[in-house]
Amino acid sequence: MSSLGLSQQQRNHLALLQRPASDVVELCKSAFDYLINGPNLNRYEALAIKYTDTGDPEPVQHAVEALISLLISVTTRVSSSSVNLQTVLRQTFPDLDDEVLDVLEQFVTSKRNFVEGSIKSANIRAYRLVNLDWRLEVRTASRSLLDQCNVTVTMKLYLHTEPKNENRELLEVDATGRSEEELAAMHEDERRHRKDMLVQTDVSSLLYMIKTLEDALAESKTRRIRNIVDGIH
Amino acid sequence: MAATAVNLPSAEAGAEDVNLLSATVVAGLKNLGTIISPALTKTLIANSMKLTLHPDATIAPVPEIYASNAACAKQSEYGVVTLYAVATKHGWDGLALRQQLENLSIHSMAVDELTRVFEDNRKDLILRQLQLGHNFPHITDVQWRIVSDVKSSTSDSSTGVANFYINLGHFRQSSGERITVVEFVCNAEELQSLINRLKEIERHCAQMAVA
């Protein structure tokens with residue numbers, strides 16, 4: 001049993017990796033495509049004709065899905081240092097040659113951030129600040145005070161529960177060429193995970209906010225915090 | 001009932017013949033120093049001002065105010081609160097208030113006391129009326145905490161990145177209780193860009209002040 005925790009079935013599905021490195025690259029590309037566009041049966045059929053005698057797309061699809069499982073396992077269980085990753089892959093797939101292992105390493109490393117973001121988003125979702133619009137205003141009169149000169153800064157905070165920009169952009173790109181139902185579902189998802197807030201502040205509170213946030217940023221760069229974060233990583 | 005509303009001089013009101021104080025208010029003011037004794041008038045004015053500025057404040061009960069003529073006392077309280085609200089809204093100073101009251105033939109002792117209390121609290125009244133009406137949530141406080149994940153239900157390893165939980169809020173004026181307006185998460189890069197954006201606003205404010 002490898003430290004990646006792949007099931008025997010998943011390992012069987014990955015038997016297709018015992019091929020030349022260029023073929024494995026094709027499979028990895030199909031897995032990338034799966035992440036963005038979902039399964040693509042035509043592509044699997046084309047690959048099956050090349051790889052198998054029967055031309056059955058099922059083994060190819062299973063291999064692609066097992067690659068996704070591998071990607072998730074590596075992201076959740078292995079730290080990002082490359083030495084460690086190489087060792088784990090070598091232990092998990094002792095039959096594969098070095099060139100194929102290199103391709104696999106590249107595959108899992110390149111999409112690590114994407115998968116990490118998706119996994120985080122499957123966990124507790126907190127709003128992230130993605131954009132801020134502002135307007136400087138002077139209120140000159142109101143119902144309760146006809147003569148005034150009150151400077152306010154009105155801000156619109158755009159909040160989103162998607163944890164990484166990378167994922168959000170992919171969702172947006174993904175919208176092209178989709179059916180009406182799919183687009184409606186995506187917009188619904190967007191609506192549920194989005195929150196725009198209108199707030200205001202005054203100039204002295206603004207200065208106080210800047211100072212406090214700068215303190216927070218400076219604190220995060222101290223050796224103490226860095227040591228703790230590195231320690232638990 | 002005879003119409004006893006005030007007609008403001010057009011120079012002050014900006015429009016002719018604007019009735020700012022209703023007959024009920026004027027009648028309430030006329031009770032001060034007459035039906036209501038001078039001593040009680042002072043207490044009534046002080047209490048009305050305190051209630052206006054601090055609606056949640058606990059005011060020591062003064063049963064004597066309502067002992068002999070409760071309806072008149074209530075009407076006078078209403079009159080005083082309304083007078084101060086109207087005076088503040090229209091930007092009257094102590095002199096303008098005094099003129100208005102003298103035109104209404106209010107008891108001279110009541111005029112003196114109403115004017116003195118108004119001048120003493122004018123700034124607070126303006127600040128209070130600035131808060132009235134529709135506003136977006138006003139941010140006056142920011143709290144932060146730095147958090148790094150260790151392990152979770154969906155991931156066995158830490159991401160090795162410290163995140164900032166930023167909480168923007170304000171304090172309730174009466175109780176000092178803190179109200180959260182919005183809370184969000186950002187990483188160091190996003191926080192830096194938020195700070196830059198806020199500094200950009202500050203820069204524009206400074207430019208406006210110079211101009």
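**Ground rules.** I am working with a predicted model, where local features need pLDDT of at least 70, side-chain atom pairs count only at pLDDT 80 or more, and totals for chains, interfaces and linings use all residues. Residues are numbered from 1 along each chain as its sequence is written, while chains are lettered from A and ligands numbered from 1 in the order in which they are written.

**H2 and H5 of chain B.** I took helices (H or I, at least four residues) and strands (E, at least two) as DSSP runs, numbered from the N terminus. I looked up helix H2 (residues 23-31) of chain B against helix H5 (residues 70-89) of chain B: their axes come within 7 Å and cross at roughly 110°. Axes here are lines fitted to C-alpha atoms, for helices over the stretch in contact, and angles run from 0 to 180 degrees between N-to-C directions. That makes H2(B) roughly perpendicular to H5(B); the classes are roughly parallel under 35 degrees, roughly antiparallel over 145, roughly perpendicular from 65 to 115, and oblique for the rest. Contact residues, with C-beta atoms placed from the backbone and lying within 7 Å, include B:Gly28 of H2(B) and B:Gly79 of H5(B).

**H3 and H5 of chain B.** Next I checked helix H3 (residues 38-53) of chain B, which packs on H5(B) at about 55° with the axes 9 Å apart. The two are therefore oblique to each other. Among the residues that meet, I noted B:Leu44 and B:Met49 in H3(B), and B:Val80 and B:Tyr84 in H5(B).

**Between the chains.** How many residues does the contact take from each chain? I found 51 from chain B and 48 from chain A. The largest share of the chain B side, 14 residues, comes from helix H8(B), which spans 188-210. I also saw strand S3 (residues 194-201) of chain A pair with S1(B) in the parallel sense over two bridges; pairing asks for at least two DSSP bridges between the strands. In S1(B), B:Ile139 is the bridge partner of A:Thr201.

**A:Phe114.** Last, I looked up A:Phe114, in helix H7 (residues 112-122) of chain A. Is A:Phe114 buried, exposed or partly exposed? A:Phe114 is partly exposed, because 18 other C-beta atoms lie within 10 Å; buried needs 20 or more, exposed 12 or fewer, and partly exposed is in between. A:Leu35 is 79 residues away in sequence from A:Phe114, and their C-alpha atoms are 9.3 Å apart.

Key:
Contact = placed C-beta atoms within 7 Å.
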